[in-house]
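Load the model in your viewer and keep the selection panel open. The stops below are meant to be taken in order.

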Amino acid sequence: MTKLTVTLVLAAAAVAGACATGGLEDPADLVLINGDVYTLDEARPAAEAVAIRGERIAVVGSNAQAQALAGPDTRVIDLGGAFVSPGFNDGHVHVESTGALIVGVNLLEVHEPEGFREEIARAAERLAPGSWITRGDWGAYEQWEAGSAGREGEGAAEAGAASAGGPFTPHRDLIDDVTPNHPVLVNRFDRSMYLANSLALEMAGITDATPAPPGGTIAKSEDGRVTGILTGSAVDLVRAAITPKSFEQRLMEVRAVLREAREGGVTTIQDITSSEQLRAYQELHARGELTARINIRPSLDNVTHTGGLGITRGFGDDWLRFIGYKAWVDGIMGGSSAMFYEEYDHAPGNFGIVRQIMLPEGVDGLALSLSRDQNYAEFPQGNLQRLMEEAVPTGLPPHIHAIGDKGVKILLDLFEAVLSEHDIIEADHRWRMIHAQVVEEADFHRFGELNLVAEVNPYHISDDMRWMEERIGPERSRGAYAFRSLKDAGAVLVFGSDSPGTNAARYFLHPRYGLYAAVSRQTLTGEPAEGWFPDQRLTIEEAIEAYTRNPAWASFEEDIKGTLTPGKLADIAVFDVDLIEAGRTDPARLLEAEALYTIVGGRVVHERGAP
């Protein structure tokens, strides 16, 4: 590919025309020429140039048409044939957790002393003195290393629980000297153990003489010295000493996520938003520091309060807008807590958990008794159903997490009950099931019949493959991440990264990983060669649509974003790889794609190689 040239130019032909008519009215602020423009606009699917005036697209068409709007102060960027698309719209991001992982400590792929110490030390350098270093989730890839397809001889790690020495267990001496001013409480990915450094132990009042509380342990070496390893209720002694995160640290974390987003061509983030996080967004918005638009969805238990304040569909502006309410049915696959009709293969007796938000007040485990022949709506109305009912008048759709086959059926039943009660199944409701991760064959048709959005996470395929069949077996896995079946059944697919991942996995914000997984159904190392349940692959065109046009539609924002169309917001991504050609012929090349430019509201917020 020829080297990109970026110049401020005066288009001679445009100037001549302007002189002849007495001057150019409202010239463009930015013009992109010589691009391979993939618009996702059915009226004009392809173009070679885009002209932008202010925050919006003025022209999508030929080089001549775009350059005709160039004036003396117009910036014209010659893309040299680079691939241009609408900015990516990530339908599922945990911004707070992603920021904490980037700015704090990421131990997911760490299960040996040197790497553990180095990562903790780097976090201490980034964070202000006195800040706590928490989470970490060490050892997530100890049993099955990153890139494993979970099959014998395809990447199974020799370390960890399978080794004679047992799982990696750190000691406070490993990190004390690199964290003299930072209390530390980090955990193993499965929460089976935590490590506190000496400063954290001191703040919690834990000494060598401290007895372990009931239901917990305080590990000690043979000479009776506390090692820093805590389990169970003993961890609460340190948790009680943790001080709240400062507002400045919260701002720093959001900035880190915004940087990662713009470096990947992501121009909209759909976030699960707390009130503290919303205040951070508002502050950055007021300062003009937002470089991605943020779609806000608080948890559904806020609906009584927010609905009473008049927060309804469309509340907000083009940068910060409420789009729905988030809730949960069951747990997650990473923790073997998603709800299934049959027990987990690797954990006899475990059928998963129901989230408390589901249940009537004072009732535990109600949904666990549901059989395949029963409909959840036959039970006494639960808390989740009540909250969904309260959301209907706001026009803000529920976006509800369901992962296991049992969790999926429960949510389908609930959706059907509430949508039917309000006679809005055929209406333009755009209600979402988040994840829809393992679906029984008999339930796919219901997504189309109920007109649901399926908010799915394609990169889960590439990562979760390492342990999926071990946990639920090959037969149930046929319904896992079954994007082709969901789409063919009539669901509108919305892609999200689920960044930063779970306590058992790291999921990346850059959309190249999701695109690759959707079209290849392989690990990052290309396993299995034939793809994991390859009949569920999507085309690259379908995958890009699920990352751009569909998320805008699902958020009731299709009039302002999602396609490159005159009049819409100028949210644009430019890549150095032709995503369409790579997705069709060599999906591995998708993993090489880098954003050359990311443009949000007509402003270039990322330019590769720029200082």
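Why is helix α16 (residues 540-547) described as largely enclosed by the rest of the structure? Select that helix in this predicted model: 7 of its 8 residues are buried, so α16 is largely enclosed by the rest of the structure. Buried here means under 20% relative accessible area. To see them, colour Ile540, Glu542, Ala543, Ile544, Glu545, Ala546 and Tyr547, the buried residues of α16.

Next, select the largest pocket, with a volume of about 980 Å³. Start at the residues that lie nearest its centre: Glu96, Ser97, Arg135, Arg191 and Pro500. Then extend the selection to the lining, which comprises 45 residues. By class, the lining divides into 18 polar, 16 nonpolar and 11 charged residues.

The element that gives the most is α3, with 5 residues.

Last, select helix α10 (residues 383-391) together with helix α11 (residues 405-421). Their axes lie 10 Å apart and the helices pack at an angle of about 35 degrees. The crossing of α10 and α11 is right-handed. Show side chains for the contact: α10 contributes Leu384, Gln385, Met388 and Glu389, while α11 contributes Leu414, Phe415, Ala417, Val418 and Glu421. Coloured by class, the residues of this contact between α10 and α11 come out as 6 nonpolar, 1 polar and 2 charged.

How values were computed
Residues numbered from 1 in each chain as written. Predicted model: local features only at pLDDT ≥ 70, side-chain atom pairs only at ≥ 80, totals over all residues. Heavy atoms only, no water. Axes fitted to C-alpha atoms, helices over the stretch in contact; angles between N-to-C directions. Helix = DSSP H or I, 4+ residues; strand = E, 2+ residues; numbered from the N terminus. Left-handed = near helix turned anticlockwise from the far one by under 90°. Contact = heavy atoms within 4.5 Å. Nonpolar A, V, L, I, M, F, W, Y, C, P; charged D, E, K, R; others polar. 1 Å grid on protein atoms, 1.4 Å probe; cavity = no way out; pocket = protein on both sides within 12 Å on 5 of 7 lines; lining within 4 Å. Points joined across faces, edges and corners; volume = space filled by probe spheres on them. Buried < 20%, exposed > 50% of the residue type's maximum accessible area, 1.4 Å probe, protein only.
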